Amino acid sequence: MKFTDVISPFLAWSRAAKKVDTIPYPNQQNPGADRYRGFHINDTSKCIGCGRCEVICENKAIDMVKVDGVEPTKGDSGLRPKVDYGRCCWCALCIDVCSTGSLSLTNKYSWVTENPDTCVYTPGVDQKAWDSEEKGFRQENDVLGWAGSPREQMEIETPEKRIENFDEVVKGYTVDQAMEEAARCIQCGLCISACPAHMHIPDYLKAIAEGRFVDAVKLFYDNNPLPEMCGKVCTRECETVCAMGYQGESIAIRWLKRFACEQFESLADVLALEAQPGEPNGKKVAVVGAGPSGLSAAYYLSRKGYEVHVYDRLEKGGGVSWYAIPEYRLPADGITKQMEVFEQTGVIFNYGRDITAELLADMENRFDAVYLAVGLQKPSDARIKGEDIPEVKPAFDFLMNSPDKGEMLTGKKVIVIGGGNVAMDTARTCVRLGADVVLSYRRRVQDMPADDEEIHEAMEETIDFRPKTIPIRIERTESGIRYLYHEAKMVDNPKGGRPLPKPKDDVEHAVDADILFSAIGQTSDIEFIPESMQKEMKLKWGRIIVNDNQYTGYKNFFAGGDITPGEGDAITAIADGLRAVKGIIDRLK
Amino acid sequence: MGVNPATDPKKTTHLFFGPQHPGVTGNMSIEMWFDGDQITKAITHVGYLHRGFEKLMEKRLWIQNFPLVCRICVPEPDINEECYALAIEELTGIEVPERAKWIRTLVLELARFAVNLMAFGGQAGTLGLGTAAMWGITFRDFVLDLFEELTGARIYHIYIQPGGVRRDLPPGFENRIEEVLTKIEERLPELDRLVLNNAIFKLRTQNVGVVKPEWIKEYGLVGPVARGSGSVRDVRKDAPYEIYNKLDFDVVTETGNDIYARALVRRREIDLSISLIRQILSGMPEGPVATKLPNLTEWRVPAGEYYSRVESSRGEYGYYVVSDGSLKPRRVHVRGPSYVHAVPLLERMLVGANIADVSNIMVSLTTCPPEIER
């Protein structure tokens, strides 16, 4: 103890003359820091209502609610987060996991209100003083990566190797890769509404993530009897709305479906279906066309106890989507594997039967209902001068006749006109057969209706892409044919929609070739339907117009797939089949 | 049956000290019997604060526990986040980027700095030296401003995450830390004059609340309580985590055994923290601050168990985490030093002490009830 110890505490008085550190609230209020975690704001136009914030909130402070003015659409649940500030602990996990980055916290932390009910509000919908506040806790996905992650990469054959044969281009996931990829799913379920067949996507992704592959396959068959095909060539609308795609890459839903099917030698063994579940109900249904739509209807009708007869002009089931899609995208053994399931169900197949007016009239008498799923058989006319030259061929017919087993085109020059999947398939098939391929398309590459993946892979495979080329005519030359075209410039479409191609100048460009495939689409051929029947049905541009249950309006006739207007892809055709089943059951009650 | 003289109702007074008492650290109470003003027996009671942290953690996703664990310790939340994150990283094998390790150490040291400022002033506060307590809290507030800027919150930072930290340092943040350090450093001598060089403080703390060196092993004492009695135990030195092995420092130790010695340890810890923060700022590498985590709602931590430990402002602080490979922890056990400091040690130290010294002794042990009842 020293004497100074008695004196020195009094020196504290020197502080009395100095500036105080305390903030004189409320006359002075400190704003929150730039990163402060205060009240929520939500950009409701950016929000897709995936509900990830609701799931991550450990205090259950967030509820997804329907708000006025936001309607549910494909890829948007129409719900928006409502925050209860009696429960919120401002941890901001909701901000860091927000899949679109629409949700943020402001640096406002002080709010006095007489009405406690207003402390539960929907940010972005209920007006608050801090709605336009720019400072606060914002998502930094580049730092954390919680809101979106990259896709598990699948091994793909190099372009140099894959043009040498018809082996599958994508090699499929390994078990570990698939489980990792499936575990990326946040179970928001936005994909379900985007899928025409409304498959149980989150459920089967969860099953795959947990290694329950049998469960996954059973879930596929709940509303899609052709999962392996869809796992390889589906247009995958589910992936376009995937919440993970906004700040990362969408889940590889299609590849995972393929993966689960590939885990089994036999899908029939996995499902172990009884030939006739329950009592047969004594009703008979004819299905015309053994493509995806017809097969779906047949499968689910037979599950409900109907006696189903399927008719097809080809010698095997599967329709054009199987025959016309080349081996490197959809190998034949997968088709056989899936057809076994149909045989197990007890569906009676009548192959090699030309569909005629007589057959249809006979069906009308013998069956309780008929489902027309004949698809589109006739290649569209290219409407180019010179398309009647024999070297000018429809691409569709070429693909249907197993080109991989046909003659080689080594050294030949091939021109393909079109920008859809058929054009890509034709061009890539010809490359594999040894030809030099030029692909001509009227519009830009981004306007092509083919899958992005297909376009990208085709570009890698030495195919000479000539977008913005307008065909003029095809001429005969001594050694083959000459294709003439104008280069195009894109002009705005006065009616809206995609820009239109117009000739840039009068210069005629020419390409010499041996064969030209036109791949500008297929049209329907409904000559087999008797005129009396056609009169009762509503037709538009050769397609049959149906109601929500695929009913044609004529007796007990239903139609679906490409013969009805729609997206024209396999999964839509399958969805049509599912709706027709409902329609037929309702009508035959 | 003879009557226990320590609790003889004819000779002793029986009273509860706390839980509503400004001199108690947190929500706990001490049941006391005293003869005159000398305590004859004391029993620590907890249970006023039980929020079931450990049980709650078994019901939540791994990531959802971060907003929860920080609430186990209000003045120093980051040690909880650090322990829990270390355990998850050990179980999953997730690597932490180098810069993130430096930032974590910075955060942990800033938190220790803030706690010691408050605890040092608070020690004087228990003796009625309110000015010192207020100054300590003011200094801590300057540090909280830094936390607000860095993490978005003053108290519950929720900043340390498995695989790194949640955000990078804001631009110019290093300069702001340096400004705060300089400001506090300039004013610390004033606090010293008010506390350490104060006759009242010395009279009330020297040779009061003695922790005998042999008790350290007997009770398993850690932190400033042990270091005030000659121990040189410090997890930062003994089992370095993050980047403590890259920093140059000596373990602070005093041999006075009394409250004054423990206050002196805290005061020197403040200087040590300032030195460590400066070292961290000068050596901070560039690079990413977080490793990408898997989908948080489907995140399964591989089965296993791990005991992670760090040096908190109160001593060794650990988490025992068990995973059964599912989406949620199977068991999380929080082991804080207050368990021994506030129950057996405090009960023993209070016997023979003056009533007026109860909170004085209690605060010198920096007991924290949430560590006892998790």
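Predicted model: local features only at pLDDT ≥ 70, side-chain atom pairs only at ≥ 80, totals over all residues.
Figure 1. B:Glu311 belongs to strand E6 (residues 304-312) of chain B and B:Arg227 to helix H9 (residues 223-227) of chain B, so the pair ties together parts that lie 84 residues apart in sequence.

**Figure 2. A second salt bridge between buried residues of chain B.** Here B:Arg236 pairs with B:Asp234, and their closest N and O atoms are 3.0 Å apart. Both B:Arg236 and B:Asp234 are buried.

Figure 3. Side chains of opposite charge can pair when their charged atoms come close. A:Arg212 and A:Asp215 meet in a salt bridge of 2.9 Å, N to O. A:Arg212 is partly exposed, with a relative accessible area of 33%, and A:Asp215 is also partly exposed, at 31%. Elsewhere, a network of salt bridges links A:Arg162, A:Arg329, A:Asp425, A:Arg428, A:Arg432, A:Glu454, A:Glu457, A:Glu460 and A:Glu461. Over all chains, the structure holds 81 salt bridges.

Figure 4. Why is helix H8 (residues 201-209) of chain A described as largely enclosed? Of its 9 residues, 7 are buried, so the rest of the structure largely encloses this helix. The buried residues are A:Ile201, A:Pro202, A:Tyr204, A:Leu205, A:Ala207, A:Ile208 and A:Ala209. They pack against several helices of chain A: H6 (175-182), H7 (190-194), H9 (213-223), H11 (237-241) and H12 (253-262). Just after H8(A), look for A:Gly211, which takes a positive phi of about 80°.

**Figure 5. The contacts of A:Tyr299.** This tyrosine sits in helix H14 (residues 292-303) of chain A. With a relative accessibility of 3%, A:Tyr299 counts as buried. Leaving aside residues up to four places away in sequence, A:Tyr299 touches A:Tyr221, A:Pro225, A:Leu271, A:Leu273, A:Val341, A:Phe342 and A:Thr345. A:Thr345 is 46 residues from A:Tyr299 in sequence, and their C-alpha atoms are 7.0 Å apart in space.

**Figure 6. Two patches on the surface.** A:Lys60, A:Arg87, B:Lys59 and B:Lys328 gather in a patch of positive charge. To find B:Lys59, follow chain B to the loop between helix H1 (53-57) and helix H2 (66-69). B:Lys59 is exposed, with a relative accessible area of 58%. The other patch is nonpolar and is formed by A:Phe3, A:Val6 and A:Ile7, which together have about 310 Å² of accessible area. A:Ile7 lies in helix H1 (residues 4-7) of chain A and counts as partly exposed, at 43% relative accessibility.

Figure 7. Chain A has 22 helices and 23 strands, and its C-alpha atoms fill a box of roughly 120 × 70 × 50 Å along the principal axes. Of its 589 residues, 53% count as buried. The accessible surface of chain A comes to about 26,900 Å², with 49% belonging to carbon and sulfur atoms. Chain A carries 72 positive and 92 negative side chains, and the centres of these two sets lie 4 Å apart.

Note on methods
Residues numbered from 1 in each chain as written. Chains lettered and ligands numbered in written order. Heavy atoms only, no water. Helix = DSSP H or I, 4+ residues; strand = E, 2+ residues; numbered from the N terminus. Buried < 20%, exposed > 50% of the residue type's maximum accessible area, 1.4 Å probe, protein only. Areas by Shrake-Rupley, 256 points an atom, 1.4 Å probe, with all protein chains shown as cover. Lys, Arg positive; Asp, Glu negative; His and termini not counted. Charge placed at Lys NZ, Arg CZ, Asp CG, Glu CD. Patch = residues over 30% accessible without salt bridge, like charges linked within 9 Å, V, L, I, M, F, W, Y side chains within 5 Å. Salt bridge = Lys/Arg side-chain N within 4 Å of Asp/Glu carboxyl O. Contact = heavy atoms within 4.5 Å.
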